[in-house]
Amino acid sequence: MNYKAVLYILGKIFIILGALMLLPFTIALYYRLNGFPEASYISFLVPIGILLAAGFILTLKKPKSFNIYAKEGFVICGLGWLIMSALGALPFVISGCIPSYIDAFFETASGFTTTGATILSEIHSLPKSILFWRSFTHWIGGMGILSFMIAVVPKARGNSMLIMKAEVPGPSASKVVSKIADSARILYIIYFVITIIEIFVLFVGNRISGDNIRFFDCVVTAFATAGTGGFSVLNDSILGYNSPFTEWVLTIFMFLFGVNFNLYFYLLTKRVRDVFRDEELRGYILINLSAAILITLNISSMYTNISTAIRDSFFSVNSVMSTTGFCTADFNQWPTFSKVILIILMCIGCSAGSTGGGLKVVRFELFIKQMLCDFKQALRPHSVIHVRLNQKTVDKKTMKMLSSYLNIYIITLVVSVFLISLDNFDSTTSFTAVIACLNNIGPGLEVVGPTGNFADFSVLSKIVLIFDMLAGRLELFPILLLFSPYTWKKTK
């Protein structure tokens, strides 16, 4: 283990996070100076000081060797996100908005991992800077702070790929150009531009449609959509705006942020054929549309207006499948058939290489392809049958990793539900609470449904769910390997 290189890179992460926290600090200062009942800017000044001081101390001396391998990549990723969530919770505690540190840690981990699960029941009255920071954590965590670091901080010897592989959602991390730093920079620019477009469409469109939604709300809502996180500044989430225009805009952008960002680069470079040949994109669209149509048919009798049923259906499907977690309807009240579809979508999630969570569509497709290959192999034992994706053969190593991932996912799910059940909630609440956190969705069903929250869970359950959120966002391995003795064992 190259501890010096690990600590040096962690120091860079702290400096970047401290610098990013200057934005909500500036907002707190602005509102404070203009006489608004704003939380003290000290709420951000203290963690900024801690992050910058720790960062500068850890980066004072460059390590002699920057050689890092897969082990170091996983440790940097796991520790980075864990410490980032722990220190990012300080503004909530210092401001008094969330007095309990465990609750604040839960809220911040939910923000950075773009889960959107909350322990808060009263949100609208929170200070603007706290609301901004809460949604800004979604935007930071959406593409990943390590990917941001790779984009802006020069790296030595091409080791950045090992860090990016540990953080990027999906079976594998791919480059859109030859250099990984340039790839990260391009993807972040695309991410930033689409976010700006959403802010513009929300603000201008609402003015034209007559819905008087504040610019501040447009910004933080766009942050939450871009990161597919779902934190809102209203107690009733997006339903509180009572704006069909806003709901359709968010439906479209939730879908767009659930697409593999590499495909946007292909569009920009006029590789349109590669985009439409992508099997994951076709699967994502097919599952999305099929689920929305089935739910619309199932819930239509509950609505007096079919257009509202269609809007609620498409919004909820895209919110759940992109793992954003915004709400415009209490799907706790929907028929069981619709709720089962939503639970399935929670597990499948969106595309690899997007800002969303879940197992990912590409894994779901590969599992089905492998199953079909196994059936064919059973009928023709001597034949050689390969799993193919996008007209390419998927190597056995990738398929083995997929199988391991699914096994670890199921074990993590089962153990987590077992521990959560100690709180004695009903089985649907316990199961969907874990599903919602492990897949970074936010709302589940029953107690943790669209109108509920996670406040009533015990400290143990909240710690388990924090673990699930971090494990789900980092694709299990980086967090789990932090607790493996082999990770820290010296090797020759």
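**Notebook: contacts, cores and helices**

I began with Ser430, which touches Val417, Ile420, Ser421 and Phe425 when residues up to four places away in sequence are not counted; contact here means heavy atoms within 4.5 Å. Ser430 is found in helix 20, and with a relative accessible area of 3% Ser430 is buried (buried is under 20% relative accessible area, exposed over 50%, partly exposed in between, with a 1.4 Å probe and protein chains only). Helices are DSSP runs of H or I with at least four residues, numbered from the N terminus.

I noted the basis of the entries: this is a predicted model, in which local features need pLDDT of at least 70 and side-chain atom pairs count only at pLDDT 80 or more, while totals for chains, interfaces and linings use all residues. Residues are numbered from 1 along each chain as its sequence is written, and side-chain values use heavy atoms, with hydrogens and water left out.

**Helix 19**

I then looked up helix 19 (residues 396-420), whose 25 residues should span 36 Å at 1.5 Å a residue, and the end C-alpha atoms are 36 Å apart, which agrees; the expected span is 1.5 Å times one less than the number of residues. In helix 19 I found Met399, Leu402, Tyr405, Tyr409, Thr412, Leu413, Ser416 and Ile420 buried. Their cover includes helix 17 (336-348), helix 18 (361-379), helix 20 (427-438), helix 21 (459-473) and helix 22 (477-482).

**Cores**

Which residues touch the most other members of the largest nonpolar core? I found Trp133, Phe261, Leu345 and Phe454, in a core of 132 residues; a nonpolar core is a set of buried Ala, Val, Leu, Ile, Met, Phe, Trp, Tyr and Cys residues joined through side-chain atoms within 4.5 Å. The largest share of this core, nine residues, comes from helix 1 (residues 3-20). A second, separate core of nine residues includes Ala352, Val362, Leu366 and Met399.

**Helix 6 against helix 7**

The axes of helix 6 (residues 101-112) and helix 7 (residues 128-143) come within 6 Å and cross at roughly 40 degrees; axes are lines fitted to C-alpha atoms, for helices over the stretch in contact, and angles run from 0 to 180 degrees between N-to-C directions. Helix 6 and helix 7 are therefore oblique to each other (under 35 degrees counts as roughly parallel, over 145 as roughly antiparallel, 65 to 115 as roughly perpendicular and the rest as oblique). I listed Glu107, Ser110, Gly111 and Phe112 of helix 6 as making the contact with Trp133, Arg134, Thr137, His138, Ile140 and Gly141 of helix 7.

**Positive phi**

I recorded two residues other than glycine with positive phi: Glu446, near 60 degrees, and Leu476, near 75 degrees. Most residues other than glycine have a negative phi.

Methods:
Helix = DSSP H or I, 4+ residues; strand = E, 2+ residues; numbered from the N terminus.
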